[in-house]
Amino acid sequence: MSDVIYPKVGTPAPQFSLPSSTGETIDSTKLKGKAFVLYFYPKADTPGCTKEACGFRDAIASYKKLNIAVFGISPDPVKDVEDFAKKFELNFPLLADADHVICEKFGVWQQKINYGKIYMGVARTTFIIDKDSNVAHVFERVKAEGHDQEVLGWVTENLK
């Protein structure tokens with residue numbers, strides 16, 4: 001949709017403080033000075049979201065070598081993200097945005113159509129946030145499979 005507005009590259013990323021699959025609250029103000037990947041996914045424990053999460057899980061050592069944190073965000077309740085993380089042994093936090101306020105701030109809460117049914121949901125989108133808490137890059141219309149490597153390639157080339 002052409003009227004979707006994401007935070008612009010070079011501008012401050014929206015701040016957030018959300019419960020996570022690890023039992024802690026992740027507060028973006030405490031991440032200043034650290035670059036991170038913030039990927040938004042539609043629903044825990046669904047096929048595409050599982051592929052995407054497991055890709056990041058399997059690549060996490062490469063992200064850690066670059067000192068890049070990875071966070072997944074969905075509009076699921078915290079229990080769902082905890083169960084999802086445990087089931088697939090995810091080694092990075094999933095954040096629960098059950099009221100989708102943060103999804104809205106990032107512009108990923110969008111009208112979607114599936115089999116003719118119109119509804120609101122998360123458009124699979126990834127943001128790279130730099131050490132200064134600014135948006136460094138936006139990946140739109142993400143394909144779940146292989147996305148972890150696409151993101152890793154970008155951060156390797158651009159966040160030195």
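Colleague: Which residue forms a salt bridge with aspartate 83?

Modeller: Keep in mind that this is a predicted model. Side chains of opposite charge can pair when their charged atoms come close. For aspartate 83 the closest N and O atoms are 3.0 Å apart, and the cut-off is 4 Å. The partner is lysine 79.

Colleague: And how are aspartate 83 and lysine 79 placed in helix H2?

Modeller: Both sit in H2, which covers residues 78-87. Aspartate 83 is partly exposed at 38% relative accessibility, and lysine 79 is partly exposed with 48%. Because they are four residues apart in the helix, their separation is about one helical turn.

Colleague: How many salt bridges does a search of the whole structure find?

Modeller: The pair of aspartate 83 and lysine 79 is a salt bridge, and so is the pair of lysine 51 and glutamate 145. Arginine 124 and glutamate 52 make another. Searching the whole structure gives a count of seven.

Colleague: Is glutamate 52 buried or exposed?

Modeller: Glutamate 52 has a salt bridge to arginine 124, with the closest N and O atoms 2.7 Å apart. That pair links distant parts of the chain, with arginine 124 in the loop between E7 and E8 and glutamate 52 in H1, 72 residues apart. Arginine 124 counts as buried at 17% relative accessibility. Glutamate 52 has a relative accessible area of 1%, under the 20% cut-off, so it is buried.

Colleague: At roughly what angle do the axes of H1 and H4 cross?

Modeller: H1 spans residues 47-65 and H4 residues 147-158, and their axes come within 8 Å. Among the residues that meet are Phe56 and Tyr63 in H1 and Val151 and Leu152 in H4. The residues of this contact divide into six nonpolar, four polar and two charged. The axes cross at roughly 35°.

Colleague: On to the sheet. In what order do the five strands come?

Modeller: Let's build it up from the pairings. E4 and E5 run parallel, joined by three bridges, and E3 and E4 are also parallel, with five bridges. E3 and E8 pair in the antiparallel sense over five bridges. The sheet is open with mixed pairing, and its order is E5-E4-E3-E8-E9.

Colleague: Which strands stand at the edges?

Modeller: Neighbouring strands of this sheet are turned by 20° against each other on average, direction ignored. An edge strand has a single partner strand, so one side of it is left without a neighbour in the sheet. The edge strands are E5 and E9.

Colleague: How many residues of E3 are buried?

Modeller: In a regular strand the side chains alternate between the two faces of the sheet. In E3, Phe36, Leu38 and Phe40 point one way and Val37 and Tyr39 the other, and all are buried. For E3 that gives five of its five residues.

Colleague: What is the bridge partner of phenylalanine 40 in E4?

Modeller: The chain crosses from E3 through H1 to E4 in a right-handed β-α-β crossover. Phenylalanine 40 has as its bridge partner isoleucine 73.

Colleague: Last one: is asparagine 134 buried or exposed?

Modeller: Asparagine 134 is in the loop between E8 and E9. Leaving aside neighbours within four places in sequence, its contacts include Gly10, Pro12 and Ile128. Its relative accessible area is 19%, and the cut-off is under 20%, so asparagine 134 is buried.

Conventions. Residues numbered from 1 in each chain as written. Predicted model: local features only at pLDDT ≥ 70, side-chain atom pairs only at ≥ 80, totals over all residues. Heavy atoms only, no water. Axes fitted to C-alpha atoms, helices over the stretch in contact; angles between N-to-C directions. Helix = DSSP H or I, 4+ residues; strand = E, 2+ residues; numbered from the N terminus. Contact = heavy atoms within 4.5 Å. Nonpolar A, V, L, I, M, F, W, Y, C, P; charged D, E, K, R; others polar. Buried < 20%, exposed > 50% of the residue type's maximum accessible area, 1.4 Å probe, protein only. Salt bridge = Lys/Arg side-chain N within 4 Å of Asp/Glu carboxyl O. Pairing = 2+ DSSP bridges. Right-handed = clockwise from strand over helix to strand, strands pointing away.
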